[in-house]
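Colleague: I would like to learn how to read a few features of a protein model. Please take them one at a time.

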Amino acid sequence: MWIESCLLCAFLWTSSPKWVTDLEPPSSAELCGDCHRAIEDGWKHSAHSQAVESRLFQDAMKMAEADFGPSTRKTCLGCHSPIAVQIGDLKLIRKVSWEGVTCDYCHSIRSISLEGSNPRAHVEFSLVKSGPWKDVESSAHATEYSPVHTTSLVCAPCHEYRDALGFPVLSTYSEWKASSYAKAGVGCQSCHMYQVEGQVVDARVKQVAQHGINLHAMPGSHSIEQLNKALHTELVATHEGNRLKVIVRLSNRGAGHSVPTGSPLRKLILEVRANPYSGRAFRQERVFQRKIADPNGKVVMLEPVAFVKAARLLSDTRIAANETRTETFDFPVPKGVLTQVEANLYYYYSPMATSAAQQEIKFFTIRRMVR
């Protein structure tokens with residue numbers, strides 16, 4: 001009896017799953033994960049998977065609808081739930097619409113058009129799944145090699161956006177396009193979807209010789225490791241008479257775009273502290289960001305407004321790809337006083353968050369003792 005049970009289990013795991021014939025694209029990531037378990041597990045930890053469920057996004061979309069009308073909902077969901085827009089599920093009734101940037105959206109992209117004000121993806125939901133690998137076979141669906149999935153172009157529809165006024169609210173793709181990374185053929189996937197150990201198809205479904213998958217967690221600005229890969233920081237502290245001079249050099253050596261990128265409300269904050277062992281402490285900061293204004297010249301402070309009414313760039317102090325920025329700080333600390341000098345880097349996400357932990361993350365600290 002035990003042997004018969006084992007044989008039956010082996011047959012079930014090695015045969016095509018029963019639900020294969022029930023696939024109705026666009027399918028839920030949960031269904032995709034029955035075979036592609038390691039990939040789904042990585043994707044679940046990505047910002048893509050949480051693009052709709054994020055409370056910050058939900059609040060922003062509600063504010064946009066209240067202030068600018070229901071049509072803005074389609075604009076917001078165009079990147080946060082592109083499947084919902086494609087299938088007309090703007091009320092987010094279907095489960096797959098709540099999955100954000102999900103499997104069956106990206107792997108149904110056939111081409112990208114750069115004509116018009118914004119990049120557009122041509123999507124075909126079917127049992128043919130497109131991707132970056134050649135000579136791949138599946139018992140659940142057909143596969144198609146897609147050259148566009150091997151390039152940064154596939155990211156452009158959601159990471160490049162001009163509003164109705166023609167202002168480039170999101171410019172990550174064009175920042176990359178203008179960088180040396182683009183000229184060298186180093187695309188977004190090189191940093192955000194690099195190869196890791198894992199199986200494309202779970203072993204209980206099918207035994208495959210190939211090992212190694214693209215990282216579907218797609219770490220970005222919420223990743224401390226990714227932020228530290230992007231920026232190289234140096235600190236030099238010296239005395240000049242009765243003043244303490246601190247020089248901090250920030251080099252964008254690891255990001256193929258500006259830091260910060262994405263929403264204009266994001267900031268990179270460099271904080272420098274001088275803490276003498278006698279006397280009061282001092283603090284100064286530099287902020288790297290874009291400042292934008294609406295058509296009336298009013299500075300935009302909320303993301304829903306930025307995506308609808310941004311019209312003018314007031315300043316841009318961000319650090320471009322391969323750029324080094326040197327910042328000098330001066331403190332009234334005389335020579336001979338033992339002082340701890342500290343530089344901290346913070347990534348500021350959103351002014352709409354209710355807690356400091358949701359607003360910003362400290363990802364780097366460097367200290368020096370001077371006398």
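**Burial, salt bridges and a cavity**

Modeller: Start with burial: His 149 is buried, because its relative accessible area is 10%, and buried means under 20%, exposed over 50%, and partly exposed in between (1.4 Å probe, protein chains only). This is a predicted model, in which local features need pLDDT of at least 70, side-chain atom pairs count only at pLDDT 80 or more, and totals for chains, interfaces and linings use all residues. Residues are numbered from 1 along each chain as its sequence is written, and side-chain values use heavy atoms, with hydrogens and water left out.

Colleague: Where does His 149 lie?

Modeller: His 149 sits in the loop between strand S4 (142–145) and helix H8 (156–159). Helices (H or I, at least four residues) and strands (E, at least two) are DSSP runs, numbered from the N terminus. The protein has 14 helices and 17 strands, and buried residues make up 44% of its 371 residues.

Colleague: How many salt bridges are there?

Modeller: A salt bridge is a side-chain nitrogen of Lys or Arg within 4 Å of a carboxyl oxygen of Asp or Glu. By this rule there are 19 salt bridges. One of them pairs Glu 144 with Arg 110, with the closest N and O atoms 4.0 Å apart. The pair links distant parts of the chain, Glu 144 being in strand S4 and Arg 110 in strand S1 (residues 109–113), 34 residues apart.

Colleague: Is Arg 110 buried or exposed?

Modeller: Arg 110 counts as buried because its relative accessibility is 17%. Glu 144, at 37%, counts as partly exposed.

Colleague: Which strands do Glu 342 and Arg 367 link?

Modeller: The side chains of Glu 342 and Arg 367 meet in a salt bridge (2.7 Å, N to O). This pair joins strand S16 (residues 339–348), which holds Glu 342, to strand S17 (residues 360–370), which holds Arg 367. Glu 342 counts as buried at 10% relative accessibility, while Arg 367 is partly exposed at 48%.

Colleague: Which residues line the largest cavity?

Modeller: Rolling a probe the size of a water molecule over the atoms shows where empty space is left. On a 1 Å grid over the protein atoms alone, a cavity is a set of points where a 1.4 Å probe fits but cannot get out, and lining residues have an atom within 4 Å of a point. The structure holds 1 cavity of 30 Å³ or more. Pro 260, Thr 261, Gly 262, Ser 263, Pro 264, Arg 266, Gln 289, Arg 290 and Arg 318 line the largest cavity.

How values were computed
1 Å grid on protein atoms, 1.4 Å probe; cavity = no way out; pocket = protein on both sides within 12 Å on 5 of 7 lines; lining within 4 Å. Points joined across faces, edges and corners; volume = space filled by probe spheres on them.
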